Amino acid sequence: MQAEREPSPAAPRSVLVYSHSWLPGQVDGVAVRMMAHAKAMSARGIRVVVVTPDFLPAGEPGLPPQPCPIPGVEHVLLQTRWMPIYKKNFCMGYSVTNLRRLIEVIRRVRPDYVHGTQEASMQVLVTACLLCDVPLIISVHTDTTQIAARDDCSCTLVPRWAMVGLANWGYRIWSLGGATYFPVSTQARALLGSAGVKEKHISPQSWGPMVDRDLFRIDQPEADVAKARSELTFGIPDAFLMIYVGRVTAEKDIGFLVEALARHPKKVVLALVGPGSLTEGLRKLHGPEHRIHCTGKSVSREMVALYMRASDCCVSASVMETVGFLAMEALSCGTPMLAANAQGFAEHLSHGVNARLWTPHDEASFDTELRTLMETPRSGNWTPEALRASIASASVETCTDRALASYAYSRRPDKRLLRLAVTVAYFALNLLVFQILR
């Protein structure tokens, strides 16, 4: 457990964190990062109040999931809706009710900064922060252009090119509302530049890769690791276990990995861990005869760490990762990465050092890199200890320092009345647009 320490003189007194993802309501890298960040800030003596959707859109049956608590951190819930572009994920409802709720919380908490994660309804938070005159930092985690280009669930009423244009226009409008952007990677920074956001609105600091090195570690109980491996491999002798953890969806190129199994020896097993739209079909292939482990269920972070440690490699064919949390967690457990040479994987992994990277969508390239990895002795830079050491700079503490530096870069906006007029007008316009996209 992390020892509590006093905040440094430069640290804020209080921070309000809005995250559109949180475990278990929405499982993704944003949830993992924001939960770790909130916990780390609280451990430094900073008052942290977290705001998230309740992850149950109005009119849908059932009860909202209970968010994973963080000791000492207050959690506030907002109304939820499905994202208009990526209809597999939730975001806060675009409503006056949520705007009023945010204003109420900000006025009560009086934070030094508000940190929000980029999402479709961000204009609600931008408007609330400008009305309350508090600096807003928006961390950019997702490549919406890639999602619109590849997702089969994007809005059918508006062409995909138009959806991308609207998203890019949103980035510019949010900056007019006084927001400062905090990119998680070089790729996220380039995304903002392509959207037309001026450099002065982007923090010079990037957040970078993050992993909880206390949880994702090499020295896990051997009996538990062996049990996890037997579960994932169905007890197949001398199995070579590849694991993917995350959303099991089409845009993550899961189909590419499934099809690849037929081209490789019977001892190669693919474990797909997590929920997603493809799991209904893949569950039918679950079992030793198809060498696919896929239940479609979410598992605890502790179990993910065990699975990572028990695997021979971690694999992802995705070409839309801004960072690639999967890779950081695997390497922290001493497990090498096999990934498409694109986006965050290309930026943060080193081919031949801690990963084998293949040409995206190229079957021959994938097959070559998998065979090479299977034949590579776990010595030199491929030992678990060397793999873990290769991402030493990705610790939560280091990333918290970067975030606080980014907070200090942000300022209350000038020309507030003019910005407020534009922001409120755009908020009202978006109310109409969201009704159309409902």
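Predicted model: local features only at pLDDT ≥ 70, side-chain atom pairs only at ≥ 80, totals over all residues.
Contact here means that heavy atoms lie within 4.5 Å of each other.

**Around Arg108**

Arg108 sits in helix α2, which covers residues 96-109. Its relative accessibility is 42%, so Arg108 counts as partly exposed, since that class lies between the 20% and 50% cut-offs. If we set aside neighbours within four places in sequence, Arg108 is in contact with Arg47, Glu74 and Val76. With Glu74 there is also a polar contact, side chain to side chain, at 2.7 Å. Ala190, by comparison, is 82 residues from Arg108 in sequence, and their C-alpha atoms are 36 Å apart.

**The sheet**

Now for the strands. Six of them make an open, parallel sheet, ordered β3-β2-β1-β6-β7-β8. Its edges are β3 and β8, each of which pairs on one side only. On average, neighbouring strands are turned by 25° against each other, direction ignored.

Helix α6 (residues 186-194) packs on this sheet, where it touches β7 and β8. The direction of α6 makes about 145° with that of β8.

Within the sheet, β1 and β6 pair in the parallel sense over four bridges. In general, strands of a sheet pair through backbone hydrogen bonds.

Here are some of the strands with their residue ranges:

| Strand | Residues |
|---|---|
| β1 | residues 14-18 |
| β3 | residues 74-78 |
| β6 | residues 113-117 |
| β7 | residues 136-140 |
| β8 | residues 180-183 |

How values were computed: Residues numbered from 1 in each chain as written. Heavy atoms only, no water. Helix = DSSP H or I, 4+ residues; strand = E, 2+ residues; numbered from the N terminus. Buried < 20%, exposed > 50% of the residue type's maximum accessible area, 1.4 Å probe, protein only. Polar contact = N/O pair within 3.5 Å; in protein donor to acceptor, adjacent residues only side chain to side chain. Pairing = 2+ DSSP bridges. Axes fitted to C-alpha atoms, helices over the stretch in contact; angles between N-to-C directions.
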